[in-house]
Amino acid sequence: MENSHLSHNVVEDKSGTKKEKHKKDKPFVFENYPHRKIVLRLAYHGHVHDGFATQESLAGDQPAAPSSRSPSAVTARQRQGAAASDRGNTVEGLLVEALRKVKLVCPLKGPQDVGRCGRTDKGVSALGNAYSFIARASCWPSPAERYDGEEVTTTTSSAATAAPPLDYPSLLNHVLPSTIRVTGFALVRRNFNARFNCRHRTYRYYFCHAHLQLDKMHEAIAHFMGEHGFRSFCKLDVVNVHNFTRTVFEVKIEKSAFLPEAVSYLEINANSFLYHQIRCIMEVLFLVGRGLEAPSVVCELLRRADAKPNYPLADGIPLILWDCAFDAADLPRWETSRKSFTFLERELQDICVALLLRATMMAEMRTAIYASYHDGVAAEGGEEAPADARGRARSTFSAVDRTVPAVEAAGVGGPKRPRPVVPTYAHPHVFKSDRGVPVGAEDALERFIDNWALTGCDWTEPRSIENKNHRRYELFNFIKFEEELETQREAGSGARAAPEPRVYVPANYIPLLKRETERSYEDEVKVLTGKKKERYESNMAKKMRGEAQWKAEQEGK
């Protein structure tokens with residue numbers, strides 16, 4: 001391993017014997033090459049990564065103090081150790097490893113003057129995250145792109161200054177894992193920072209909208225518009241955040257262009273977001289859409305100061321950082337080569353096709369199991385399952401029942417009968433049509449909707465094992481719910497006029513505004529210990545110095 005920085009050339013001596021000729025690689029000294037500030041546009045699949053930022057970067061955006069050792073003294077083992085310290089399974093760690101591998105940053109120090117637009121959490125994906133740093137370049141920046149008074153260490157001609165930029169997406173995508181891709185880049189001024197120069201960020205949260213009351217969800221999201229204190233819609237991070245006021249510029253719920261009959265998404269645009277803010281917002285909106293809370297609960301929670309009720313987070317996997325917007329003067333446009341674009345577009349198409357096929361397989365497996373079960377139930381009762389019940393689909397894709405036309409197997413005689421079609425996500429309860437209520441009308445009366453039906457869960461993923469017990473508990477309660485409905489039907493008499501919808505309410509459900517509240521900001525500060533307490537005190541000291549400096553500047557004016 002210690003000689004891994006040596007190159008091996010196989011040569012033959014006069015006797016014909018092959019020998020290896022060792023030649024030392026020329027050490028890569030980052031400072032000897034042109035370098036400048038760039039910003040990368042990143043897309044990644046968050047469900048396979050442990051968030052975006054490395055543990056070292058969570059303490060702040062400032063890089064670690066540079067080493068005083070000579071770059072020529074850096075061995076391969078030291079380079080590998082430096083990369084491993086940042087790597088982990090975070091997006092940034094894997095990106096830094098790739099930057100070192102293609103020699104776009106100093107092998108020992110790593111990227112310098114870093115700015116991260118969005119520090120997405122574990123499970124959250126991105127299409128348009130931004131990451132700025134100083135990278136090796138094809139030429140030095142022009143005088144207009146440097147700091148005032150900044151000097152360039154190498155004399156360059158005007159032709160060299162105008163050299164075409166490196167194809168950063170192609171360089172990095174070749175060595176990055178397939179779950180992380182650079183979709184574009186831009187050359188920016190030295191004082192550009194992806195975090196502080198971002199004007200607003202846009203997130204999307206995708207969900208299955210079947211049987212949700214979307215009109216009430218639309219009514220609820222209207223309360224988020226404008227400037228509000230979102231303390232009741234976030235998770236506390238007292239070390240880094242003390243101001244919970246954010247401005248929402250736009251929020252809407254739209255049907256997806258790809259599957260409008262099945263999937264919708266919340267799109268929210270704001271100047272910045274708090275820790276887990278969107279996942280908290282979605283959890284409350286799901287309660288509203290399921291009929292467990294009124295739309296006005298959003299307004300009541302926004303009015304609360306520091307008394308957030310206890311409620312879980314919505315799943316993070318359907319959440320994606322869609323875009324980060326910058327002023328045209330700071331970032332005119334994203335650049336990418338045709339080669340890089342084609343590779344990325346085809347990769348996403350391949351993933352889409354594979355998941356569609358897998359989803360179709362799962363739906364057909366469920367259809368077969370559903371049909372087999374109800375055929376067995378009918379056989380035990382000595383009667384054939386009703387054709388309208390066996391052929392009817394209570395689909396989450398549409399409120400209209402679909403019946404597959406009758407088919408007859410080739411070479412098999414006998415009467416034709418409808419093939420059962422089963423919804424992909426809605427619960428497969430079969431209603432009889434002899435109770436005086438049309439099947440299509442009763443279809444929407446009793447429905448089992450929980451968060452699993454809205455966001456799904458890939459139980460083949462190893463990480464999903466922690467949710468198994470919770471899911472089993474919910475299903476046991478659902479079975480009781482169905483048995484109660486059957487008992488009520490058997491005890492009822494004849495037709496029911498204008499029946500009221502029945503909404504499945506989870507066991508021991510407590511309305512949001514009646515729940516116990518979390519610890520307040522001051523209570524969280526009091527229990528800080530160790531490094532977190534030191535970081536909190538350091539951040540507050542910086543804040544006080546910044547406010548004092550700002551007041552002094554205002555008084556000077």
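**A covered helix and the contacts beyond it**

Modeller: Helix H2, residues 91-101, is mostly covered, with nine of its eleven residues buried. The model is a predicted one. The buried set in H2 comprises Val 91, Glu 92, Gly 93, Leu 94, Leu 95, Val 96, Ala 98, Leu 99 and Arg 100. After the helix comes Lys 103, which has a positive phi, near 60°.

Another of them joins the side chains of Lys 308 and Glu 518, at 3.2 Å from N to O. This pair links distant parts of the chain, 210 residues apart: Lys 308 is in the loop between helix H7 (296-303) and strand E11 (319-326), and Glu 518 is in the loop between strand E15 (502-503) and helix H13 (521-526). The two partners fall into separate accessibility classes. Lys 308 is buried at 2% relative accessibility, whereas Glu 518 is partly exposed at 24%. Lys 308 has a further contact, with its charged end over the ring of Tyr 311 at 4.8 Å from the ring centre.

Arg 519 and Glu 524 also meet through their side chains, in a salt bridge of 3.4 Å from N to O. Arg 519 is partly exposed, with 46% relative accessibility.

Some charged residues are joined in a network. Salt bridges link Arg 204, Glu 250, Lys 252 and Glu 267 to one another in this way. Arg 204 has a contact with an aromatic ring as well: it lies over the face of Tyr 265, 4.2 Å from the ring centre.

Over the whole structure, 15 aromatic pairs are found. One of them, between Phe 28 and Phe 30, is edge-to-face, with 6.4 Å between the centres and 70° between the planes. The angle puts this pair in the edge-to-face class because it is over 60 degrees. Phe 28 and Phe 30 are both buried. Tyr 265 itself pairs with Tyr 206 in a tilted arrangement, the centres being 5.2 Å apart and the planes at 45°. The two tyrosines come from distant parts of the chain, 59 residues apart: Tyr 206 is in strand E7 (residues 198-208), and Tyr 265 is in strand E10 (residues 263-270). Tyr 206 counts as partly exposed at 25% relative accessibility, while Tyr 265 counts as buried at 9%. Tyr 265 thus has a ring partner in Tyr 206 and a charge over its face from Arg 204. Elsewhere, Tyr 44, Phe 52, Tyr 131 and Phe 133 make up one aromatic cluster.

The cysteines form no covalent links with each other, as the structure contains zero disulfides. For Cys 234 the reason is distance: the closest cysteine sulfur, that of Cys 280, is 6.6 Å from its own sulfur, which is too far for a bond. The cut-off for a disulfide is 2.5 Å. Cys 234 is buried, at 0% relative accessibility. Cys 139 is buried too, with a relative accessible area of 9%.

On the surface, Leu 348, Ile 351 and Leu 355 form a nonpolar patch, with about 250 Å² of accessible area between them. Leu 348 is located in helix H8 (residues 338-380). It counts as partly exposed, at 43% relative accessibility. So H8 contributes Leu 348 to a surface patch, whereas H2 is mostly covered.

Key
Residues numbered from 1 in each chain as written. Predicted model: local features only at pLDDT ≥ 70, side-chain atom pairs only at ≥ 80, totals over all residues. Heavy atoms only, no water. Phe/Tyr/Trp six-rings, centres within 6.5 Å; stacked < 30°, edge-to-face > 60°. Buried < 20%, exposed > 50% of the residue type's maximum accessible area, 1.4 Å probe, protein only. Helix = DSSP H or I, 4+ residues; strand = E, 2+ residues; numbered from the N terminus. Lys NZ or Arg CZ within 6 Å of the ring centre and 35° of its normal. Patch = residues over 30% accessible without salt bridge, like charges linked within 9 Å, V, L, I, M, F, W, Y side chains within 5 Å. Areas by Shrake-Rupley, 256 points an atom, 1.4 Å probe, with all protein chains shown as cover. Salt bridge = Lys/Arg side-chain N within 4 Å of Asp/Glu carboxyl O.
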